[in-house]
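Biologist: I would like one part of this model examined closely, with the rest of the chain described as its setting. Please state the cut-offs as you go.

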Amino acid sequence: MRGAESRLRGLGARLWKLAAARSVILMYHRIGDAEADPWGLCVSPRNFAEHLAVLRDVGTPLTLAALGAAHERRMIPRRGIVVTFDDGYADNLRTAKPLLERYDVPATVFVTTGHTGTQDEFWWDELERLLLAPVTLPATLDLTIDGTAHHWELGIAAAYDDDERRRNRDRRARDGAPGSRHAFYYAVWSALLPLAFEERRGLVAAIASWAAGGPPRTSHRALRPDEIVELASGGLVDIGSHTVTHPLFPTHSPAAQQRELVASKLALEQILERPVTTFAYPYGESSPESPALVRETGFVCACSVRAETVWKRSDRYRLPRFGVEDWSGEELARRLAGWLAH
């Protein structure tokens with residue numbers, strides 16, 4: 001009897017959750033065209049325009065701050081849709097903002113402050129430029145990472161031409177066949193991911209020397225401070241924090257996380273001369289201590305990358321988001337229908 005009652009209570013809770021009002025947060029990165037996109041970060045301007053038209057048709061676009069305030073009141077809008085961008089690429093201003101203005105859709109851009117005012121590429125982009133370029137690389141790569149020797153034999157993956165790059169344009173890094181250039185890229189990326197900024201920067205520089213890579217691409221640069229101000233002007237685009245150096249929080253101490261949170265918030269507030277209240281975890285990952293640190297730093301909400309809808313019982317300091325790729329408007333509409341139906 002108790003088992004039956006427990007099952008009924010569980011069924012009731014699931015039905016109640018399904019009936020609850022819910023919203024979605026969408027995660028973008030870049031708006032542009034890319035020759036290689038191993039992480040699915042680029043959405044073409046044409047598709048992005050279609051996305052914005054779809055959002056207007058199927059839901060109610062709103063700001064992340066508005067959704068956070070609604071969550072605090074436990075009054076989530078039904079079919080609310082929030083647009084966010086991670087990292088702070090310059091194309092968020094030059095390409096995305098005019099389209100956001102055309103369709104009157106608000107957005108939040110989470111900026112990694114350590115890249116503002118530099119010509120550097122984000123490390124995953126620089127690694128892509130070095131390792132997925134249509135060139136022949138040396139046969140082996142040796143690195144010492146965190147005191148451990150790493151050795152890669154490229155084999156047939158040492159050679160990579162334009163045709164192969166075009167065929168693999170939309171292939172994701174983790175989907176590379178064993179022995180392929182994508183598999184090599186993913187293996188090196190995985191080894192560098194948990195590292196502190198300075199160690200990783202030195203290793204990427206060593207890889208650049210090994211690969212005889214060219215200069216950073218202006219197409220992949222981050223926003224400058226003056227561009228952050230311009231992006232935020234008009235009130236349609238809000239600026240949030242994405243740390244200073246984009247660390248993987250679970251591999252860093254609470255003290256290191258707090259330094260990143262405080263420094264990034266302060267840097268953005270000095271640029272904008274206004275409070276910065278929203279945050280997104282780099283790579284969407286957090287440790288058990290992270291939400292409390294984010295709250296104590298003065299942020300009112302934080303975004304993860306857990307692919308779920310937002311409802312009143314969502315964790316406001318680990319709000320879920322759906323990653324958006326270079327889909328047509330029709331494909332996004334199909335996915336939104338499925339997400340908002342659950």
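Predicted model: local features only at pLDDT ≥ 70, side-chain atom pairs only at ≥ 80, totals over all residues.

How large is the accessible surface of the chain, and what percentage of it belongs to carbon and sulfur atoms?

Modeller: Residues are numbered from 1 along each chain as its sequence is written, and side-chain values use heavy atoms, with hydrogens and water left out.

The accessible surface of the chain is about 15400 Å², and carbon and sulfur atoms hold 53% of it. These areas come from the Shrake-Rupley method with a 1.4 Å probe; for residues, only the protein chains shown count as cover. Of the 342 residues, 52% are buried. Buried means under 20% relative accessible area, exposed over 50%, and partly exposed in between (1.4 Å probe, protein chains only).

The chain has 12 helices and 12 strands, taken as DSSP runs numbered from the N terminus (helices H or I, at least four residues; strands E, at least two).

Strands β7 (residues 140-145) and β8 (residues 148-153) run antiparallel and are joined by six bridges; two strands pair if DSSP finds at least two bridges between them. One of the pairs is L141 with W152 in β8. The two faces of β7 can be told apart: L141, L143 and I145 are on the covered face, and T140, D142 and T144 are on the uncovered one. In a regular strand the side chains alternate between the two faces of the sheet.

Most residues other than glycine have a negative phi, and most peptide bonds are trans. D146 counts as exposed because its relative accessibility is 60%. Y283 also has a positive phi without being a glycine, at about 60°. Y283 lies in the loop between β10 (278-280) and α11 (290-297) and, at 21% relative accessibility, counts as partly exposed.

Five of its five residues are buried, so β6 is largely enclosed by the rest of the structure. A107, V109 and V111 point one way and T108 and F110 the other, all of them buried. Strand β5 (residues 80-87) runs parallel to β6 and is joined to it by five bridges, with D86 opposite F110.

V109 and V111 are also among the residues that I239 touches, and that list includes I228, L231, L268 and L272 (residues up to four places away in sequence are not counted). Contact here means heavy atoms within 4.5 Å. I239 belongs to the largest nonpolar core, of 47 residues, where L26, Y28, F48, F85 and I239 touch the most other members. Helix α2 (residues 45-58) gives this core five residues, the most of any contributor. Such a core is a set of buried Ala, Val, Leu, Ile, Met, Phe, Trp, Tyr and Cys residues joined through side-chain atoms within 4.5 Å. Another core, of 33 residues, lies apart from it and includes W39, W124, L127 and A211.

Two residues of the loop between β11 (301-303) and β12 (322-323) complete the setting. R316, in this loop, touches G68, H71, E72, V300, C301 and A302, again leaving out residues up to four places away in sequence. R316 and C301 are 15 residues apart in sequence, and their C-alpha atoms are 5.3 Å apart. A polar atom of the R316 side chain lies 3.4 Å from the backbone oxygen of V300. E308 is in the loop between β11 and β12 as well; with a relative accessible area of 36%, E308 is partly exposed. E308 touches P320, R321 and F322, under the exclusion of residues up to four places away in sequence. From E308 to L272, 36 residues apart along the chain, the C-alpha separation is 32 Å.

For the chain as a whole, the C-alpha atoms fill a box of roughly 65 × 55 × 45 Å along the principal axes. Among contacts with a separation of 6 or more, 71% join residues 24 or more positions apart.

Methods. Polar contact = N/O pair within 3.5 Å; in protein donor to acceptor, adjacent residues only side chain to side chain.
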